[in-house]
Amino acid sequence: MIDSHAHLDDNRFKKDQAQVIKNFEKNGVDLVVNIGADLVSSKSSVFLAENNERIYATVGVHPHDAKNYNQDVEDQLEMLSGREKVVAIGEIGLDYYYDFSPREIQKEVFWKQLELAKRVKMPVVIHSRDADQDTMDILKQAKKENPDLICLIHCYSGSVEMMREYVKMGFYIALGGATTFKNAKTPKKVAMEVPIENLLLETDSPYMTPEPNRGKRNEPKYVRLVAEQIANLRGMDVEEVISLTDKNTLDFYGIAL
Ligand SMILES: [Zn+2]
């Protein structure tokens, strides 16, 4: 089982990170991709990956932190992207829900990192919240300029129609805890409709904890709850969901075991 998106360097794991890593190993999780969200967490992700066989890393600046992006940050990200266990640029994108950085700056920094991904020939992990149309417009343009661009839309929260557009572009969709929330109609619909070849499982730990643990801290070991929910919704065998989505995760990140 693979968790395609977690933040094990988050403060909420400070006290027991080693135990949380043991927990996922003991619970059948073979790989975790730890996601960078600013320069510090990108460095922490690389450090974690280089010290744990089962962890891989991405490097990038989240839209929340776009206001702190500059040429020095970009140079350091580019250098980090060359490290052996770094498998993607991300998470990058737009967040109009919190608006922690001005929207124009979010867009500019999103573009700069898409160009970085093109230079270093890496796939991209996308974060998009309350910014569906702008994210789609930018990614469409980016795909036109760089036909090799492959993205993973993490914690996908858009419509079924938009999911189909991303699938047509050859992109992947990652689903997590939201598919288990009682009031979450659209994520459930997306979980049923997305072609299995384009689907990845994720926890987004420590956030987005699936039911029945919603409200508590999330951990990679709970990726199994996501797999079970998706299997239920699609009427599939859970082991089949796990093996097919694992293959997609390895393909997307270019991880050869
Ligand atoms: Zn994340």
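I take a cavity to be a set of grid points where a 1.4 Å probe fits but cannot get out. The model I examined is predicted.

**Entry 1: cavities**

I searched the whole structure and found two cavities of 30 Å³ or more. The second largest cavity holds about 30 Å³ of space. For the largest cavity I noted a volume of about 70 Å³.

**Entry 2: lining of the largest cavity**

I listed the lining residues as Ser128, Asp132, Thr135, Ile153, His154, Cys155, Tyr156, Ser157, Gly158, Met162 and Tyr166. Two or more residues of this lining come from each of α5 (132-145) and α6 (160-168). Sorted by class, I recorded five nonpolar, five polar and one charged residues for the largest cavity.

**Entry 3: lining of the second largest cavity**

Here I found Cys155, Tyr156, Leu175, Gly176, Ala178, Thr179 and Pro187. The class tally for the second largest cavity is five nonpolar and two polar residues, with no charged residues.

**Entry 4: helices α3 and α4**

I then turned to a helix pair. The axes of α3 (residues 71-81) and α4 (residues 103-120) come within 11 Å and cross at roughly 35°. I recorded the crossing of α3 past α4 as right-handed. On the α3 side, the residues in contact are Glu74, Leu77, Glu78 and Ser81. On the α4 side, I listed Lys112, Gln113, Leu116, Arg119 and Val120. By class, this contact has three nonpolar, two polar and four charged residues.

Notes:
Residues are numbered from 1 along each chain as its sequence is written. This is a predicted model: local features need pLDDT of at least 70, side-chain atom pairs count only at pLDDT 80 or more; totals for chains, interfaces and linings use all residues. Side-chain values use heavy atoms; hydrogens and water are left out. On a 1 Å grid over the protein atoms alone, a cavity is a set of points where a 1.4 Å probe fits but cannot get out, and a pocket is an open set with protein on both sides within 12 Å along at least five of seven lines; lining residues have an atom within 4 Å of a point. Grid points are joined across faces, edges and corners, and a volume is the space filled by probe spheres set on the points. Helices (H or I, at least four residues) and strands (E, at least two) are DSSP runs, numbered from the N terminus. Ala, Val, Leu, Ile, Met, Phe, Trp, Tyr, Cys and Pro count as nonpolar, Asp, Glu, Lys and Arg as charged, and the others, Gly among them, as polar. Axes are lines fitted to C-alpha atoms, for helices over the stretch in contact, and angles run from 0 to 180 degrees between N-to-C directions. A crossing is left-handed if the near helix is turned anticlockwise from the far one by less than a right angle, and right-handed if clockwise. Contact means heavy atoms within 4.5 Å.
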